[in-house]
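Student: Could you walk me through this model with a few questions and answers?

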Amino acid sequence: MTNLQELSDAIVAGRLEPAVDLTRAALDEGIDPQSIISDHMIPAMQRIGLRFQEGRAFVPELLMAARAMKGALELVKPRLSNGKSATVGRIVIGTVYGDLHDIGKNLVASMFEGCGFEVVNLGVNITADRFVEAIRSERADILCLSALLTTTMNYMKTVIEAVEKAGLRDRVKIMVGGAPVNQLFADRIGADGYSDNANSAVLKAKELIAKTV
Ligand code: B12
């Protein structure tokens, strides 16, 4: 039986190979992929984040942990898919300008894909203009914005204003998320939806799509 505490420890220690091997073993044993992510991988990132906050870890350690998390996540991602092929809706997702955090955003994007959405993942450090352009070119039903820094979360408001200015606001639903974001903030900046995790993000997106049809 795979020791999932070891997987969590490997991510915290930034050890890519053991993290990938332990993840593969856990999947082979039939452990629920969602539980591997929610109960072991995400808490590992929270642990390293706390160490960083307390001055017991530094940016290189965060980077190593992120690399191990991403490597392990690559293995789990295909298992999140439930094989649905019909398109539920089109989503454009990205991390806002000034922000390079993409693990959570990519996890949310994978869950959307696994649940039948078509997803255009713009990446990180995305300007308001680029989001606006993508809503048009990709004919997005939902725009998803991610931010992990208190200094970048306000840029979400800039994006929403740019969408309004471009005359696209009534055509697209906007969802926001990321560790410093909450429902109150989402309401304040005029977003249509917020979620603090990838599972409820999918439920929220489906709810928003249902409202438009
Ligand atoms: C890994 C990491 C990094 C890595 C990022 C690598 C990468 N490719 O992503 C690196 C080393 C690059 C990094 C850099 C920095 N980081 Co950093 N980082 C983290 C860390 C440890 C983990 C983040 C993570 O991946 N979490 C796991 C994922 C799964 O969770 P998540 O992102 O929250 O996503 C979930 C939800 O929020 C939600 N969600 C996310 N996006 C969206 C979008 C939508 C639409 C929805 C609905 C939901 C949703 O669903 C996701 C899945 O459940 C956090 C600490 C923490 N606990 O969050 C600090 C943290 C975010 N970083 C922090 C800081 C300060 C920095 C730096 C400024 C450090 C520096 N001095 O250089 C730089 C900034 C660089 C930049 N311009 O962006 C601070 C932010 C403090 C603040 N209040 O703003 C934190 C909180 C650490 C701390 N405790 O101090 N970081």
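This is a predicted model: local features need pLDDT of at least 70, side-chain atom pairs count only at pLDDT 80 or more; totals for chains, interfaces and linings use all residues.

Tutor: Residues are numbered from 1 along each chain as its sequence is written.

Student: In what order do the 5 strands sit in the open sheet?

Tutor: Strands are DSSP runs of E, at least two residues, and helices are runs of H or I, at least four, numbered from the N terminus. Two strands pair if DSSP finds at least two bridges between them. The pairing here is parallel, and the order is E2-E1-E3-E4-E5.

Student: Which residue in E2 is the bridge partner of Ile91?

Tutor: Strand E1 (residues 90–96) runs parallel to E2, with 6 bridges joining them. E2 (118–126) is an edge strand, pairing on one side only. The partner of Ile91 there is Val119.

Student: Which helix gives the most to the shell around the ligand?

Tutor: Helices H3 (33–53), H4 (59–80) and H5 (103–114) are among the elements that each supply at least two residues. The top contributor, with 7 residues, is H3.

Student: Where does the ligand shell lie relative to domain 1 and domain 2?

Tutor: Domain bounds come from an automatic or database domain assignment. Domain 1 (4–80) and domain 2 (90–212) both give residues to the shell, so it lies between them.
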